[in-house]
Amino acid sequence: MTQEQEKTKCACGRCAQCETTQTQNKEKINFVWDTHYRCNFRCPYCWFDKQWENMDSQNVYPPINELIDVWKRIYDKHGECHLMLTGGEPIIYPNIIEFLEAVQKWHTIKVTSQLSGDMYTFARRLDPSRVVLDMNFHPLETKEEPFIRKVLTLYKYGFKGGVCYLAYPPQMDKIQHYYDLFKKHGIPLALAAFWGTYNGKKYPESYNDEEREMMKPYLGDLDRVKYHLEGRKTKGKLCRAGQIYASIKANGTVTRCGPLSHEPIGNIFDPNFQLFDKPMPCTANICPNDEYKWIVDEQR
């Protein structure tokens, strides 16, 4: 597989191969939706580890036709948007394929998934020109061969997407192994830095210099290294989160971004929901996700 062919495969949103896709999507309004806080995996490094039962009370499952109507209303108001589904595991959300089949007519979609659901029905019923995947490989919960088989099936149907692997301290020694393994099958791999505590140490602060240098080529663009790995401060920077980007919680609450999830700006189920009309200063100290991309460029 040539470098150019690899570029057409990847749509993970994390690596340097995705710059064209990211530029196209930044011309639209972007929403990231935590579909629900349920998952059939129990990874110890998850944001929601040991919180799943508490988080479950926030889940809202409206009739699927009402949920589809929400995104038709957003389309009528804003035109085509880019909708990013995460969670929890989106593929186990009730009637998710029916939802995606309807909404792909109005919006482009990226689904973040660990591929434990019915990806074969997903591949047959959805349009790969409208839906891409960010596929997360969790070796503590899934085996290499069936995961790779699902990825290759999705590619066969025309879907694009790269694989993300978390640089969790006990998994660091396997980075090169998995990079080589996926590359052998024509599957791009990108790293995500671990944000959390392991063995009493806080990360990403506790990565040593050797680990940081080893991770950098897999993280992608320079800004991602600065904000995601090094934890560059964002407070006070002018940001378009809340204006052309917003985060939606499982109960419909809309916030500017993940770090500001305690500061709602509305609810997606409210017909009168409005985004901001201009960039606003960031009030979070750091940006542990990729939402730093909405900081006004000259202020980075």
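How do the residues of the lining of the largest cavity divide into nonpolar, polar and charged? The legends below begin with that view.

**View 1. The largest cavity and its lining.** The lining of the largest cavity divides into 11 nonpolar, 1 polar and 2 charged residues. In this classification Ala, Val, Leu, Ile, Met, Phe, Trp, Tyr, Cys and Pro are nonpolar, Asp, Glu, Lys and Arg are charged, and the others, Gly among them, are polar. This is a predicted model, in which local features need pLDDT of at least 70 and side-chain atom pairs count only at pLDDT 80 or more, while totals for chains, interfaces and linings use all residues. Residues are numbered from 1 along each chain as its sequence is written, and side-chain values use heavy atoms, with hydrogens and water left out. The structure holds 2 cavities of 30 Å³ or more, and the largest cavity contains about 90 Å³ of space. Of its 14 lining residues, Cys239, Cys257, Cys282, Cys287 and Glu291 are the closest to the centre. A cavity is a set of points, on a 1 Å grid over the protein atoms alone, where a 1.4 Å probe fits but cannot get out; lining residues have an atom within 4 Å of a point. Grid points are joined across faces, edges and corners, and the volume is the space filled by probe spheres set on the points.

**View 2. The second largest cavity.** This cavity has a volume of about 40 Å³. Its lining consists of Trp33, Leu67, Trp71, Ile248, Lys249, Ala250, Asn251, Gly252, Ile268 and Phe269. By class, these comprise 7 nonpolar, 2 polar and 1 charged residues.

**View 3. Phe31 in the largest nonpolar core.** The core has 93 residues, of which Phe31, Trp71, Phe99 and Phe122 touch the most other members. A nonpolar core is a set of buried Ala, Val, Leu, Ile, Met, Phe, Trp, Tyr and Cys residues joined through side-chain atoms within 4.5 Å. Phe31 is found in strand E1 and is buried, at 0% relative accessibility. Buried denotes under 20% relative accessible area, exposed over 50%, and partly exposed in between (1.4 Å probe, protein chains only). Leaving aside neighbours within four places in sequence, Phe31 is in contact (heavy atoms within 4.5 Å) with residues including Trp71, Ile74, Leu83, Ile248, Ile268 and Phe273. The C-alpha atoms of Phe31 and Arg256 are separated by 9.7 Å, although the two residues lie 225 residues apart along the chain.

**View 4. Helix H5 and its cover.** Of the 8 residues of H5, 6 are buried, so the helix is largely enclosed by the rest of the structure. The buried residues are Ile96, Ile97, Phe99, Leu100, Ala102 and Val103. Their cover includes strand E1 (30-34), helix H4 (64-78), E2, strand E3 (108-113) and helix H6 (119-125). Helices (H or I, at least four residues) and strands (E, at least two) are DSSP runs, numbered from the N terminus. Phe99 touches Trp33, Ile64, Leu67, Ile68, Trp71, Leu83 and Leu85, not counting residues up to four places away in sequence.

View 5. Lys28 occupies the loop between helix H2 (19-25) and E1. Lys28 is buried, with a relative accessible area of 17%. Not counting residues up to four places away in sequence, Lys28 touches Glu80, Cys81, His82, Thr108 and Ile244. Lys28 and Tyr245 are 217 residues apart in sequence, yet 8.8 Å apart in space, C-alpha to C-alpha.

**View 6. Backbone geometry in two loops.** Most residues other than glycine have a negative phi, and most peptide bonds are trans. The peptide bond from Gly87 to Gly88 is cis, with omega near 20 degrees; Gly88 lies in the loop between strand E2 (82-86) and helix H5 (96-103). Asn95, in the loop between E2 and H5, has a positive phi of about 60 degrees although it is not a glycine. Asn95 is partly exposed, at 47% relative accessibility. The peptide bond from Tyr203 to Pro204 is also cis, with omega near 15 degrees, and Pro204 is placed in the loop between strand E8 (201-203) and helix H9 (209-219).

Definitions and conventions
1 Å grid on protein atoms, 1.4 Å probe; cavity = no way out; pocket = protein on both sides within 12 Å on 5 of 7 lines; lining within 4 Å.
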